[in-house]
Amino acid sequence: MAQVKNWQLNREMQYPYDDNRPKKQIAYIFDTNKCIACQTCTVACKTTWTSGKGQETMFFNNVETKPYGGYPLKWDVNTLKTMGDQPWDKTTKTFKGKTIFEESGGDNVKGWRPEERDYAFPNMGEDECSGIVNKGSFFSGIHDVWMFYLARICNHCSYPACLAACPRKAIYKRQEDGIVLIDESRCRGYRECVKACPYKKTFFNMVTRVSEKCIGCYPLVEQGEQPRCVQTCIGKIRMQGFISKPGEARADNPIDQLVHIKKIALPLYPQHGTEPNVYYVPPIHVPVDFLNQLFGPGVENAIAAYKKVKEDKQALGAFLLFGNSPKTIHSYKVEGDFTVGYNEQGEVLTRVPFTEPVFVRPYSDEKYGTFRHNTP
Ligand code: SF4
Ligand code: SF4
């Protein structure tokens with residue numbers, strides 16, 4: 001195994017292949033505080049990519065309710081069970097345990113393979129909260145029971161476990177954008193990728209007998225457009241862009257601003273070692289111990305920064321760009337009361353005001369001889 005640097009673990013780790021970071025790396029930020037589990041993203045993805053034979057229970061994008069939801073069933077609990085202790089040095093934010101590559105003991109990756117029926121209940125646990133809501137409870141601030149929605153896609157990892165495990169070398173990572181793809185003509189259906197991916201985001205098609213996965217909507221990305229799940233998101237919780245290498249963060253890149261600079265958005269289960277590239281703003285109402293297991297040791301800082309985001313115009317400017325352009329925003333600038341997003345060529349894609357304008361119309365409209373009500 002080669003020694004590679006994993007910035008999310010703050011240390012070197014073992015990986016079957018040499019470090020070969022792509023020229024650009026696709027990345028996403030999902031703000032869990034804004035997701036309403038409408039599943040529009042799920043349906044947009046399903047109708048675009050997985051409506052064929054053998055794909056009936058296949059969801060490249062799914063949204064599950066934590067703590068009890070999971071697709072496939074118990075995907076995260078089962079992976080965690082195979083891994084043993086996963087300690088962090090909280091001061092240096094260094095991972096002290098072993099990754100799925102370092103735990104593998106002879107194989108390239110340590111994993112587990114779900115059964116077919118584990119994919120049959122994608123909304124198991126939906127809207128279930130962490131405990132019993134006592135009879136007579138009423139809202140009086142933060143509830144002592146909680147839940148939140150976790151939207152999930154392939155993370156287009158920098159060190160993909162699916163790629164590492166494939167004996168046919170059918171999985172590859174594109175140099176131009178870091179998207180991880182399966183060459184289905186090479187795949188022989190051994191399902192090693194299904195076993196290896198700790199996020200369970202490769203799927204086996206029982207009809208075609210090959211594995212399939214999220215393709216990052218690369219036909220859109222190649223046109224400078226954000227993927228379907230991002231463009232259709234009702235809650236405007238998502239942004240897709242490109243993340244810079246650690247140490248090369250650009251303050252005018254909204255993804256870098258929120259991940260590398262402000263550290264408000266964190267990777268999911270970084271301890272597995274794949275360096276995933278979907279970054280999550282953690283939910284502000286959930287116990288920190290639970291969130292530390294999901295997002296690593298930066299949760300408290302991330303939540304504190306998020307709660308003060310109105311005082312930080314650079315961070316707020318980046319957040320306001322979410323859902324306000326179908327195109328991929330490469331850079332942005334705060335200009336007075338607006339945040340402005342640009343494409344790779346430096347052309348303006350969107351201008352978003354910090355304060356949404358309010359128009360109060362006169363009650364009496366003499367032109368049309370009618371009365372109007374203003375709703376707050
Ligand atoms: S479309 Fe957006 S708000 Fe709706 S479930 Fe998906 S991520 Fe959440
Ligand atoms: S999330 Fe899974 S399928 Fe996607 S690149 Fe990472 S290891 Fe591969």
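Lys263 is partly exposed, with 14 other C-beta atoms within 10 Å, where a residue is called buried if 20 or more other C-beta atoms, placed from the backbone, lie within 10 Å of its own, exposed if 12 or fewer, and partly exposed in between. The structure is a predicted model, in which local features need pLDDT of at least 70 and side-chain atom pairs count only at pLDDT 80 or more, whereas totals for chains, interfaces and linings use all residues. Residues are numbered from 1 along each chain as its sequence is written, and chains are lettered from A and ligands numbered from 1 in the order in which they are written.

Lys263 has a positive phi, near 55°, and is a residue other than glycine; its place is the loop between helix H7 (254-261) and strand S13 (266-267), helices (H or I, at least four residues) and strands (E, at least two) being DSSP runs numbered from the N terminus. A positive phi, near 65°, is also found for Arg191, which lies in the loop between strand S9 (180-182) and helix H4 (192-196) and is partly exposed, with 16 other C-beta atoms within 10 Å. Most residues other than glycine have a negative phi, and most peptide bonds are trans.

Two cis peptide bonds may be described together. One joins Lys66 and Pro67, with omega about 20°, and the other joins Tyr71 and Pro72, with omega about -5°. Pro67 is in the loop between strand S4 (62-66) and helix H2 (75-83), and Pro72 is likewise found in the loop between S4 and H2.

Strand S1 (residues 2-6) runs antiparallel to strand S2 (residues 11-15), to which it is joined by 5 bridges; two strands pair if DSSP finds at least two bridges between them. Lys5 has Glu12 in S2 as its bridge partner. The two strands S1 and S2 form a hairpin with 4 residues between them, and Asn10 in the turn has a positive phi of about 60°.

Around ligand 1 there are 15 residues, of which Cys35, Cys38, Cys41, Cys233 and Gly235 come nearest, a residue being near a molecule if its C-beta atom, placed from the backbone, lies within 6 Å of it. Helix H1 (40-49) and strand S7 (148-152) are the elements that give two or more residues to this shell. Ligand 2 is surrounded by 14 residues, the closest being Cys154, Cys157, Pro160, Cys162 and Cys197.
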